[in-house]
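Please look at the structure first.

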Amino acid sequence: MRIAFMSDIHGNREALDACLAHAARQKVDRIVFLGDLVGYGADPAYVADRVREQIDKGALAILGNHDEAAARAETSGMNDYARQAIEWTHDALDEETRQFLINLPMQISDEDRLYVHSEASSPRSWAYITDIGSAERSLRSTGHRVTFCGHVHKPQLYHMQAMKPPVLFVPQTATGIPLMGNRQWLAVQGAVGQPRDQNPLAAYSVLDTTKNELTYHRVPYDIETAAQKIHAARLPQILAARLFIGR
Amino acid sequence: MARELLESGSIIDGFRIGEKIHSGGMATLWRVTRDDIAQPIVMKVPTILDGDDATIIVGFEMEMMILPRLTGVHVPKCFAIGDFARQPFLVMEYIQGHSVFALIERAPLSVEEVADLGFRIATALVDLHRQNVLHLDIKPSNVMIRESGEAAFIDFGLSRHLFLPDLLEEEFRVPMGTGPYIAPEQVLKNRTDPRSDIYSLGVLLYYLATNVRPFGIPQAQSSLKNRLWRDPVPPRKIVPTISPQLQEVILRCLEVDLDRRYATAAQLAFDLKNLSEVKLTERAHRTDRNSFFDATKRWFSSIGIESGALQPSATQNNLAPIIMVAVDLSEGMEALMEELRIHVKRVLATMPGVRIACVNVLKLNRLTINYTLDDEGRNIHVQKLVELREWGRPFGLSQERITFHVIEHMDPAVALIEFAKNNHVDQVLIGARASSTLRRFLGSVSSQVVAEASCTVTVVRAPQAQQELEEAGLEMPSQSAE
């Protein structure tokens, strides 16, 4: 089976459509959305609709912190522009979509794989995986062989042997990486809708479970249109500007 | 980890185990068979000691990661890998031929033999690096020569794929490699540079040419570092019959400074193939190793270079390509050849590491195949070489970066295509003569090179007036098109 992992779409319609089209060409059998469908971008309702449509076709989706915040209009602890975006997003969604978001599961266990939005040892604290320490905390908290998560908007791949600390690999090319069975893996996804690794292309990955290979893809999309819509919606300007530079 | 009992006659994943053909500290090799595979195959099984020795396991994981991704004649074909959860193994082609290790008892080999063998191994290295894999443990016992003549590498337990995680990165606190062959930067734990393989190949060639290992067999980690500041004894001091050209090539492989080494395996292969063309530098004339004073100086300047993160450099080929220029020296071609020069200059301006090979084909007539003297008694071949050098002189390149070749052949296109292939040329620059009715019937040299060469071909044309084009009967793009 070929599974696509898409995380942190953040209401970016153009980026999502480009990744869905790319994934269709990659002949994926299932899509897993790893949270933060909305927040920041100008098309939260469209994105939620497309994801629900995919769920009807067998896709899985889990909850992200922005999904929860937008559904409840709960912005405590958020910075200024994130708060503005959440309030705007809350108003842009109908009650049915808010209910859909709030009812997404925190995590899903699928054979030897775990799907979760943020660091897995305490998913509700929405902690980031940014270094060896946080990766180790996440990996040690689970018996799953491979964990898929998002939240930091930077693609990273950690691998860890039983008695050793994890090692970081930053995928740079769309090369199939064999997830060797003698160790645990933590596949942190880049963002579909708001990349922050200095590469503005939309990020997602495909796992081939037969070959046991994970491929990190980067997909060009219409950034200008996505940015114009953010301006038109009077969302904070920085949310549009950062799309062009991937920061 | 549960292990299944392996013995002759047992069957694992459809493979029937035959005789044990090798039993070493790292792995055991079994002959195996499977009904749908006709050729001889072997199963490699890691030797798991008590406590699951990390060196062996991770090396085996690396090999399981890399070997199935490699293709071509220069590696053993991989048929299956077995999961670590049950029984780790690799099933691969059994390479028929001999190991380079077997040649060492005949060392020192002749210059011709060393160059020929070196060319075969460098050619294999070109193909490996093209697939973004560094071997990082090149030594005689890891290089096989197939019965068909090609070199093939075995044992990828220390290898690195530049686009895949390096499982060995955090594994060892000591340098990884084989003492006598390990490159200086590997001693400093850099596993990201294709030129490390060129260094190890240099050690191998040195050994075959002299029957002496350039740095002996280091026993301690500290003595590994000697190669950072002490040059090896020049090969010609050990075996005086070694040519200055071969010494130049070997010592260039053994440069401590990566930038003074060959930039690519293709450039090394090129020099070994064209040994007489090799530009001699101070290396070729060295009669002794560097002085103790010099070594001490280098030792001091090397302090501190061990720190600092090293990023994988992609294979160097895109920075240091070999460009072949097909030069037509016949009369009437002056304008076209001038245009060709302009294109060579453009290439030189954008790629400082480029090497230029100027090639002229001396067309042989089937009837006068041995005729090499013209009416005035001059040797035509030498005359062409002189003219070719003159053509290349305006580039002002050192002999290290430009070479000149006159090839005698009945079919110029075939000669050019073969030269490009045998010398790992990255791009061909060739001029196309103006169209004529006759050439359209017979086909031109340039169009055949474009169609059949295995690399990029750029066809250069002399600017022509529109009138000439119309006279030649070529259709012009419509001027009135909106």
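Which residue in β2(B) does B:Ile11 stand opposite? B:Ile11 stands opposite B:Arg16.

## Basis of the model

The model is predicted; local features need pLDDT of at least 70, side-chain atom pairs count only at pLDDT 80 or more, and totals for chains, interfaces and linings use all residues. Residues are numbered from 1 along each chain as its sequence is written, chains are lettered from A and ligands numbered from 1 in the order in which they are written, and side-chain values use heavy atoms, with hydrogens and water left out.

## Hairpins of chain B

Strand β1 (residues 11-12) and strand β2 (residues 15-23) of chain B run antiparallel and are joined by 2 bridges. Strands here are DSSP runs of E with at least two residues, helices are runs of H or I with at least four residues, and both are numbered from the N terminus. Two strands pair if DSSP finds at least two bridges between them. β1(B) and β2(B) form a hairpin with 2 residues between them, and B:Asp13 in the turn has a positive phi of about 50°.

β2(B) also runs antiparallel to strand β3 (residues 27-34) of chain B, with 5 bridges. B:His22 has B:Leu29 in β3(B) as its bridge partner. This hairpin, formed by β2(B) and β3(B), has 3 residues between the strands.

## The open sheet of chain B

The strand order β7-β9-β10 describes an open, antiparallel sheet of 3 strands in chain B. At its edges are β7 (97-99) and β10 (151-153) of chain B, each pairing on one side only. From one strand to the next the twist averages 30°; axes are lines fitted to C-alpha atoms, for helices over the stretch in contact, and angles run from 0 to 180 degrees between N-to-C directions.

Strand β9 (residues 143-146) of chain B is joined to β10(B) by 3 bridges, antiparallel. One of the pairs is B:Ile145 with B:Ala151 in β10(B). Helix α2 (residues 111-130) of chain B packs on the sheet and touches β9 and β10 of chain B, its direction making about 50° with that of β10(B). Contact means heavy atoms within 4.5 Å.

## The mixed sheet of chain A

In chain A, 6 strands form an open sheet with mixed pairing, in the order β4-β5-β6-β10-β7-β8. β4 (107-110) and β8 of chain A are at the edges with a single partner strand each, so one side of each is left without a neighbour in the sheet. Direction ignored, neighbouring strands of this sheet are turned by 15° against each other on average.

Strand β5 (residues 113-116) and strand β6 (residues 146-149) of chain A pair in the parallel sense over 3 bridges. Here A:Leu114 stands opposite A:Thr147 in β6(A). Helix α6 (residues 132-140) of chain A packs on the sheet, where it touches β7, β8 and β10 (184-188) of chain A; the helix direction makes about 60° with that of β7(A).

## Contact between the chains

Chain A gives 17 residues to the contact and chain B gives 19 residues. The buried area is about 1500 Å², with 62% from carbon and sulfur atoms; this is the accessible area (1.4 Å probe) that two parts lose on being put together, summed over both. In chain A, the residues losing the most area to chain B are A:Phe169, A:Met180 and A:Asn182, together 34% of what that side buries.

Between the chains there are 2 salt bridges, each a side-chain nitrogen of Lys or Arg within 4 Å of a carboxyl oxygen of Asp or Glu. A:Arg183 forms a salt bridge with B:Glu61, with the closest N and O atoms 2.5 Å apart. β7 (156-160), β8 (167-169) and β9 (177-178) of chain A each supply at least two residues of the side that touches chain B.
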